[in-house]
Amino acid sequence: MIETETRDRFEDARRAMIDSQLRTSGVNAGFVLARMAAVPREEFVPEQFRAAAYADRALPLPGGAVLPAPVFQGMLLTEARPAVEDRALVVSGTGYLAALLAPLVA
């Protein structure tokens, strides 16, 4: 469980990510911004990288994988234009993309 002060810092970082990374890179779809504001990215990265969860870069994951930069995932969702009648299968990653996508599709 993340303590309140730390949680507040992550929420501030999440808002900053939206305003200074996503919006300035052209990721402005309301559904994307809402999902990225709602899903705590820090919960999907290894503990040693949590402080960098909202940095504008990919983060290393166990086994040599990476969690793509937030802008990449925002652009991916924007271009996918998921709809409630769609079905989606996310086959790799930490679960972050799946958490962003889950309430948007069937």
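The largest pocket has a lining of 17 residues, and P68, Q73, S92, G93 and L97 are the ones nearest its centre. A pocket here is an open set of points on a 1 Å grid over the protein atoms alone, with protein on both sides within 12 Å along at least five of seven lines, and a lining residue has an atom within 4 Å of a point. This is a predicted model, so local features need pLDDT of at least 70 and side-chain atom pairs count only at pLDDT 80 or more, while totals for chains, interfaces and linings use all residues. Residues are numbered from 1 along each chain as its sequence is written, and side-chain values use heavy atoms, with hydrogens and water left out.

Back to the pocket. The space in it comes to about 180 Å³, a volume being the space filled by probe spheres set on the grid points, which are joined across faces, edges and corners. Who supplies the lining? β2 (66-67), α3 and α4 each give at least two residues to it. Helices (H or I, at least four residues) and strands (E, at least two) are DSSP runs, numbered from the N terminus. Sorted by class, the lining holds 12 nonpolar residues, five polar ones and no charged ones. For that count, Ala, Val, Leu, Ile, Met, Phe, Trp, Tyr, Cys and Pro are nonpolar, Asp, Glu, Lys and Arg are charged, and the others, Gly among them, are polar.

Now for helix α3, one of the pocket's suppliers. Its buried residues are P70, V71, Q73, G74 and L77; buried means under 20% relative accessible area, exposed over 50%, and partly exposed in between (1.4 Å probe, protein chains only). They span an arc of only 165° around the axis, so they sit on the same side of α3. The arc is taken from the directions from the helix axis to the C-beta atoms. As a rule, an α-helix has 3.6 residues a turn, so residues three or four places apart point the same way. The buried residues of α3 pack against α1, α2, β2 and α4, with contact meaning heavy atoms within 4.5 Å. Turn to the other side of α3 and you find E79 and A80 exposed. In general, most residues other than glycine have a negative phi. R81 sits in the loop between α3 and α4.

Helix α2 (residues 30-38) has V32, L33, R35 and M36 as its buried residues. Down the axis of α2 these fall within an arc of 165°, so they line one face of the helix. Their cover includes α1 (4-22), α3 (70-80) and α4 (96-101). Take V32 as one example: leaving aside neighbours within four places in sequence, V32 is in contact with V27, G74, L77 and T78. The C-alpha atoms of V32 and L104 are 72 residues apart along the chain and separated by 9.7 Å.

What about the nonpolar core? The largest one has 25 residues, and M17, L22, M36, L67, L77, Y96 and L100 touch the most other members. Helices α1, α2, α3 and α4 each supply at least two residues of this core. A nonpolar core is a set of buried Ala, Val, Leu, Ile, Met, Phe, Trp, Tyr and Cys residues joined through side-chain atoms within 4.5 Å. In soluble globular proteins, nonpolar side chains tend to be buried together. Not counting residues up to four places away in sequence, L22 touches M17, V27, L33, M36, P70 and V71.

Helix α1 also holds Q21.

| Residue | Relative accessible area | Class |
|---|---|---|
| V32 | 0% | buried |
| Q21 | 10% | buried |
| D12 | 43% | partly exposed |
| R81 | 56% | exposed |
| E79 | 58% | exposed |
| V91 | 71% | exposed |

D12, in helix α1, lies 44 residues along the chain from D56, with 15 Å between their C-alpha atoms. E79 and A99 are 20 residues apart in sequence and 17 Å apart in space. V91 is in the loop between α3 and α4, and V91 and A16 are 75 residues apart in sequence and 29 Å apart in space.

Note on methods. 1 Å grid on protein atoms, 1.4 Å probe; cavity = no way out; pocket = protein on both sides within 12 Å on 5 of 7 lines; lining within 4 Å.
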